Structures are given as C-alpha cells and as structure tokens.
Amino acid sequence: MSPRHIAWCGVIPSSVALLLGVLAVQCWPALPAGGWLVATTLICFATTIVGGWRRRCRPIGWVALGVGWAVLHGSWAMQARLPASLEGEDLVAVGRVVDLPDVRPDGTRFTLAVRSATLAGRPITLHGRVRLAWYDDPPTVLPGDTWQLRLRLKRPRGMINPGGADSERSALERRIVANGYVRPSSANHRQTEGRCVDRLRGALADGIERRVSDPHDAALLRALAVGDTRGLSADDWSVARANGVSHLLAISGFHVGVAAGFGVGLASLLYWLLPALALRRPRLQAQALGALIAACGYGALAGMGLPTLRTLLMIAVVVVARSGRRHVSAAHGLALAMLAILLVDPLAVLSAGFWLSFVGVAFLMFCLGAPRRGLLGFLRDLTAGQWVMTVALLPLTLWFFGQASLLGALSNLIAVPVVSFVLVPLALCGVLLMLSCPPLAVAPLWLASLVAHQLWRVLAGLAELPGAAWYLPAVSPWALLLASVGALWLLAPRGTPSRWLGGLLFLPLLWPMRAPIPASAFEVWMFDVGQGLSVAVRTRHHVLLYDTGARYPSGFDVGAAAVVPSLHALGVRRLDALVISHADNDHAGGAGAVLDAYAPRLRLSGEPARLPVRMDACLAGQAWRWDGVTFRLLGPRGGERAGNDRSCVLLVDGGGDRLLLTGDITRRVEATVAAATPAGQPLVLSVPHHGSKTSSSEAFVQALHPSLALVSAGWHNRFGHPHPDVVARYHEAGVTLRSTARAGAIRLDFPAHGPVSVSAGERRRQHRYWREK
C-alpha cells in the first residue's frame with residue numbers, strides 16, 4: 001500500500017487500531033488452532049481497507065489485521081520452541097553466535113542462532129535462538145563465529161510469582177526457543193570466524209575498557225557508546241531505578257537524535273566547504289540523509305533496541321518527506337513508526353520498552369507541542385518534559401516493574417543534559433577516533449570518564465535519600481487504565497476544564513484496596529523460587545518470611561529477582577521476622593537481598609554460625625503470638641548434626657487448619673518432629689527437603705497425615721525432586737500434593753475457623769498463550 005493511500009486512510013487511527021488488535025491477542029490464554037482466524041482477519045482487512053468501505057469502517061479492518069497478524073507471529077514463535085520430547089537430551093547443534101557474550105567467573109553466557117541440529121546422528125527440527133551457558137573454563141566466544149556444540153536444552157520456563165518478571169514472555173518477544181548449557185565433548189569446536197556489527201561492538205567496548213582506568217566508568221561509557229551493559233552490576237541498576245534514569249544506561253531515542261544532529265552538522269560542514277554541491281542536491285535533503293546515515297550507524301552500534309528503532313523510523317519518515325518535499329508532523333511520524341514496528345514484529349508489544357518509548361514520546365508531543373526557541377525555551381521544555389515523563393509513565397513503570405522513583409524528575413533534570421550533550425558526544429567522538437586514529441581516542445574518553453564519575457556520585461547520593469525507590473502492590477489492569485486517563489487529563493493543555501480531577505484517578509493505583517486479614521487467620525504464599533524454598537506468612541498486622549531461595553555463582557539472586565519483588569507486590573512494607581531454616585544455599589542464598597530491602601527485628605536460623613549475616617539460633621520450644629496466630633518452633637532440639645537436620649521446623653496455628661514448615665529435615669529427625677506436633681486441626685505440610693527420597697518416610701506421613709502437602713522444587717531439576725517414591729507415598733496415604741514447579745507460586749488462606757483455601761497457582765491465574773504448561 002502506498003504512503004499516500006496510508007495517509008488517506010488516516011495514519012494515526014490506523015496505527016492505534018492495529019495496536020488494539022495486536023494487544024487483544026496478548027490477553028488470550030491460548031491461540032486458535034489452524035489458519036482459519038488468520039484467513040478471516042485478512043479477508044476482513046482486505047474488504048474494509050482495499051475494498052473501499054466507508055472511512056469510519058476502516059479502523060475495524062486494521063483491528064482485524066492486528067488480530068490475525070499477532071496470532072500468526074505468536075503461533076510461529078510458539079511452534080519454534082524446543083519440542084518437549086527433546087528436553088534433557090544431548091543434541092549437537094550448529095549455529096552462529098549473536099549479540100555480545102557475557103563472560104563471568106563461572107563461565108560464559110551467549111546466544112546461539114541455531115541453523116541445524118542432530119540427535120544421535122539423526123537430523124531434528126530446531127531453528128531459532130537458544131540462550132546458553134558454557135561452564136568449566138570455556139574458550140573465547142566471539143560474536144559472528146559459527147560453532148558446533150553439544151547441548152542440553154529445555155523449553156523457556158520461568159518462575160511465576162506475584163509481581164515477578166515474566167521470563168517466558170520475554171523469551172517469546174526475543175524469539176528464544178530454548179535455554180541450556182554446553183556439554184563437555186570433543187565435538188565442540190569453532191567452524192568459522194564471522195564478521196558482524198556485534199563483533200565490532202565488542203571490539204569497541206574492549207577498546208573503551210583498555211583506555212579508561214576506572215572499571216566502573218568504563219562500564220558506563222560502554223553502555224552509552226555501544227549499548228554494552230554487561231559491565232553494570234546489580235547495584236548500578238538499583239541506583240538507576242531509584243533515580244528513574246535506567247533509560248539513559250541503554251541507548252535511548254534521544255541519544256540517537258543527538259547522533260542524527262551530528263550527521264546534520266557534517267552535511268552542513270560539507271556544503272560550507274563545497275558550495276557547488278547545492279547546485280546538484282538541495283541542502284535540506286542532504287542534511288536529512290546525513291541525519292539518517294548517522295542515526296543508523298549509531299543505532300547499529302547500539303544493538304537496535306526498540307527506542308533506537310522507533311527513533312530511526314521517525315527520522316526515516318522525515319527523510320522520505322523531505323525528499324518528496326512534503327511536510328510530516330511529529331505525531332504522524334510517531335504513528336508511522338509504530339505502524340512499521342507492528343507490521344514487522346507485532347510481538348514487540350510484549351516488551352516494556354515499546355510502551356515506555358511510544359507512550360512517553362506521545363505525551364511529550366501532546367503536552368509540550370512544538371519546541372520553544374532559544375536557550376530559555378530549551379530549559380523550560382527540559383524542565384517541563386521531566387515532569388511530564390514522570391507523571392505520564394508512572395502507571396506503566398509500576399505495571400512493568402512494581403517500582404517508581406520519587407526523584408525521577410529531579411534526577412533526569414540533572415542527568416539528561418549531562419548524558420545527552422556531554423557524555424554521548426564525547427563517547428561517540430572516542431568511538432570514531434578508535435576507528436580512524438586510535439591514539440587520539442584517549443583524550444575524549446578520559447574526559448568522558450571524569451564527567452561520568454562525578455555524575456554517578458550525584459546519582460548514588462540521591463539514591464540513598466529516603467523514599468527514592470517507591471514500591472506499590474501489584475497494579476490491576478483497571479487501575480492502570482484509570483491512572484493513564486488521569487495522566488492524560490492532568491497533563492492536558494491549559495483550558496481543559498478541571499484538570500486537577502485527573503489526579504483523583506491515580507488513587508486506585510497509589511492506594512489499592514486490600515481486604516484485611518481477620519484476627520486468628522493468616523495468609524501463606526509459597527513462592528516459586530525454582531530449586532529452593534521461600535514461604536511468606538501474613539497475619540493481620542505482621543509478616544514472617546521462611547527461607548529466601550538461592551543465590552547462584554553466576555550472580556543471579558533469587559531473593560532479589562523473585563522474593564523481594566513478590567513481597568512488594570503483596571504490599572509488604574515491613575517484615576517482622578526472617579527465619580532461615582538452615583545454611584544451604586537454596587534456602588539462605590537470597591537472605592542478603594531480603595535484609596537489604598527489609599530490616600526484620602526477629603532473625604532466626606538453625607545454623608546461624610554458617611551464615612554471612614547476623615542471625616540468632618532457633619531452638620525447639622520458642623514461641624510467639626501475633627494477631628491471634630501462634631508460631632511455635634518444633635526443631636531443632638540441639639543435638640542434631642550440622643546440615644539438613646538442623647533446619648528450623650515451624651508450626652503456625654491460628655485455630656483452624658495449621659501449617660508446618662519443615663525445611664530440609666531427613667528421616668533421622670522426622671519421628672521427633674511428628675511426636676512434637678500437637679494433635680488438633682488438619683495440617684498443611686511443606687514437604688521436607690523438596691521431596692527427596694531421604695525424607696518423607698512412611699511413618700512420618702502416616703503420623704501427621706496432612707490434608708495437603710506442598711513441594712517447592714525446580715522444573716526438571718537435576719536432583720529429580722520430588723522423588724517418584726515420595727510422590728507415590730503421599731498419594732497412597734490420600735494426601736493431595738501440589739508443586740510450585742507445575743503451579744508457580746501457591747497462595748493459601750487459613751481462616752480462623754474452617755478448612756484452608758488453596759489457589760490454583762500463579763501459573764494458571766496468570767495464564768497466557770506463551771506460558772508453559
């Protein structure tokens with residue numbers, strides 16, 4: 001369809017209608033089988049758009065196209081995932097390394113675009129990107145190289161918790177078909193060396209690191225110059241989130257605009273040096289083309305993220321318009337950019353970057369209009385822009401990340417001009433000199449490192465201020481919608497009646513309604529932490545956390561990635577007690593992250609001496625009472641050896657059904673725990689040691705005879721938990737068994753009187769078509 005016909009149809013209504021159609025599909029729990037829906041929607045699109053129906057009906061055609069197009073791409077992406085029958089098998093794959101490999105002390109992580117694969121010498125169908133880890137002193141892996149590797153893979157499957165990140169959605173959006181690791185084998189070898197933009201990005205990142213003495217400053221400049229964020233730590237991202245400047249650490253659209261301005265300047269300089277060029281090509285067209293070339297070059301170095309791509313498309317629209325001597329408004333340019341992205345990749349709507357980028361720019365256009373002239377006008381636009389972005393993106397930020405920055409407007413007012421007009425130009429200058437005259441690159445990079453160091457000191461200081469990071473409970477869709485309408489109303493141009501009323505629409509977002517827990521009742525969440533354990537117990541006014549999940553050698557911290565965000569999503573502002581059953585990593589590894597986020601007064605552990613944080617010893621007989629609910633420790637008794645049998649065993653009793661948390665106790669102490677458990681109401685049991693065959697003896701199960709048993713274990717974990725014999729033992733005893741590996745996080749409500757109520761699990765509650773069964 002020609003650009004003139006698209007304009008005739010109405011670019012803005014068409015792009016919005018297409019977006020609504022694509023977005024509707026992302027709410028579906030399953031995609032329709034077969035191609036009937038796609039065929040129907042394409043026919044609807046053809047009849048309403050091409051067939052010449054009335055203009056008012058054309059948005060219906062674009063909605064239909066969005067639905068069919070999203071279903072088609074979603075089906076392709078899901079069908080490309082690793083077949084379930086191949087999980088855990090040793091495959092031999094040939095593929096090319098894409099993006100920048102991440103070298104860590106425990107190994108190298110990289111993405112491989114698989115071209116072909118075999119199983120036991122037989123070809124199998126596997127095409128797409130797989131995320132891999134190569135442990136045990138791997139060789140150097142460079143972008144663009146083609147490798148033959150022996151792999152063990154599984155389908156993308158993440159932890160599903162309230163407020164947690166959705167790695168399965170992210171895998172779909174990035175077209176990741178499997179995760180896994182490289183197996184030791186003589187078959188592993190590099191077939192060919194490659195040449196690609198990512199290889200150049202990696203070389204430039206290494207060049208910056210060699211020329212900047214401070215590793216942290218080098219990491220910041222690598223992120224700003226070539227979009228390489230591998231050197232940024234979890235603390236760096238925490239500081240960035242607390243200041244609302246995370247978008248500056250990646251390549252933002254504004255940075256691409258600065259590069260485009262550099263291209264305009266070069267074109268203007270060329271026409272100043274060679275005035276005769278104006279006789280062959282108009283200066284405005286040459287400047288527009290120079291802006292596009294510079295922006296594309298910088299975008300390629302930046303990795304072509306969504307904000308970068310959006311800006312490039314907008315610049316391309318302007319270039320085409322200038323070449324055709326046409327005028328295109330900023331709103332039409334933004335709409336055409338969104339239309340192009342959705343037509344190329346409708347699954348882009350699954351990423352937070354898509355929404356933050358387009359919504360933020362749309363609000364700036366709506367609220368600020370045309371840029372003011374002069375330095376004073378620029379400063380006014382900059383100040384007003386930070387206020388607009390803070391308010392406009394608050395609902396989306398809370399929706400995607402569960403956190404917002406109260407200092408965002410102030411921090412961005414400081415950081416945006418420094419980064420955009422000082423650091424980015426200096427970093428780009430250093431990159432260009434590295435490519436043309438490497439010895440001269442030291443000076444601009446040295447100056448950029450000084451500025452970056454001082455800027456980060458300011459941001460780190462601001463992040464320490466009380467309330468810098470602001471957490472709210474999980475946002476409901478209707479609260480998100482009301483707050484977005486409120487932002488539009490609140491930031492509407494002058495003359496809009498009663499603009500202050502828009503602020504009232506933020507109330508459901510900022511102060512969500514939660515049903516109070518009655519006295520003597522309690523609520524329990526067994527979080528999905530993979531191969532580990534973490535359980536939150538809430539009474540009317542108190543919260544206890546039992547275990548915190550693992551922290552792995554790679555640096556991935558389940559406490560920071562799953563437990564703390566889940567507590568925030570549940571509205572937990574104060575943690576009253578932290579119980580670490582024992583010192584094994586899968587129970588205690590995330591304790592540091594939890595203690596950084598909260599400061600509980602009561603800290604108990606069965607092995608306090610083995611933990612790096614201060615804890616008091618828990619012993620059988622300790623007890624306390626909160627809001628009519630009794631917490632009583634049944635173990636350890638003091639004679640157990642160090643290890644699993646030193647686990648704190650906690651009984652929670654509110655008058656109705658009870659909860660017994662057992663940690664990793666084994667058969668050696670199960671009889672003692674069973675004897676110490678008082679008779680009474682039915683019991684919900686946390687299965688000892690994740691269902692290991694060394695626990696859950698027949699005598700223990702028969703003695704307690706729980707009404708429900710919960711297993712916290714990882715999906716297809718290498719230990720085989722829960723063991724089939726243990727599962728059979730509970731089933732033979734008539735005990736219902738539920739596992740976080742299948743259900744995700746599990747919620748249980750223990751009323752003061754009556755049986756426990758158990759949720760179906762977060763995996764079912766948050767069911768979408770990309771979710772693994």
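The largest cavity is lined by Leu220, Leu224, Val245, Leu248, Leu249, Ala415, Val419, Leu423, Ala452, Leu455, Trp456 and Leu459. A cavity is here a set of points, on a 1 Å grid over the protein atoms alone, where a 1.4 Å probe fits but cannot get out, and lining residues have an atom within 4 Å of a point. The model is a predicted one, in which local features need pLDDT of at least 70 and side-chain atom pairs count only at pLDDT 80 or more, whereas totals for chains, interfaces and linings use all residues. Residues are numbered from 1 along each chain as its sequence is written, and side-chain values use heavy atoms, with hydrogens and water left out.

The space in this largest cavity amounts to about 100 Å³, a volume being the space filled by probe spheres set on the points, with grid points joined across faces, edges and corners. Its lining comprises 12 nonpolar residues, no polar and no charged ones; Ala, Val, Leu, Ile, Met, Phe, Trp, Tyr, Cys and Pro count as nonpolar, Asp, Glu, Lys and Arg as charged, and the others, Gly among them, as polar. At least two lining residues are supplied by each of helix H7 (215–226), helix H9 (246–249), helix H17 (408–436) and helix H18 (442–463). H18 provides the largest share, four residues. Helices (H or I, at least four residues) and strands (E, at least two) are DSSP runs, numbered from the N terminus.

Over the whole structure, the search finds three cavities of 30 Å³ or more. The second largest cavity has a volume of about 40 Å³. Around it stand Met526, Leu533, Gly663, Asp664, Ser686, Val687, His689, His690, Leu710, Val711 and Ser712. By class, this lining consists of five nonpolar, five polar and one charged residues.

An open sheet of seven strands runs in the order S16-S17-S18-S19-S20-S21-S22, with mixed pairing; two strands pair if DSSP finds at least two bridges between them. Strand S16 (623–626) and strand S22 (736–739) are the edge strands, each pairing on one side only. On average, neighbouring strands of the sheet are turned by 20° against each other, direction ignored, where axes are lines fitted to C-alpha atoms (for helices over the stretch in contact) and angles run from 0 to 180 degrees between N-to-C directions. Within the sheet, strand S19 (residues 658–661) pairs with strand S20 (residues 683–686) in the parallel sense over three bridges, and Leu659 stands opposite Val684 in S20.

The bond from Gly635 to Pro636 is cis, with omega near 5°, and Pro636 belongs to the loop between strand S17 (629–635) and strand S18 (649–653). His721 and Pro722 are likewise joined by a cis peptide bond, with omega about -10°; Pro722 lies in the loop between strand S21 (708–711) and helix H26 (724–732).

Positive phi values occur at non-glycine residues as well. Ala120 has a phi of about 55° although it is not a glycine, and its position is in the loop between strand S2 (107–119) and strand S3 (122–124). At 74% relative accessibility, Ala120 counts as exposed, given that buried means under 20% relative accessible area, exposed over 50% and partly exposed in between (1.4 Å probe, protein chains only). His705, also not a glycine, has a positive phi of about 40°. This residue is placed in the loop between helix H25 (698–704) and S21, and His705 is partly exposed, with a relative accessible area of 44%.

Key
1 Å grid on protein atoms, 1.4 Å probe; cavity = no way out; pocket = protein on both sides within 12 Å on 5 of 7 lines; lining within 4 Å.
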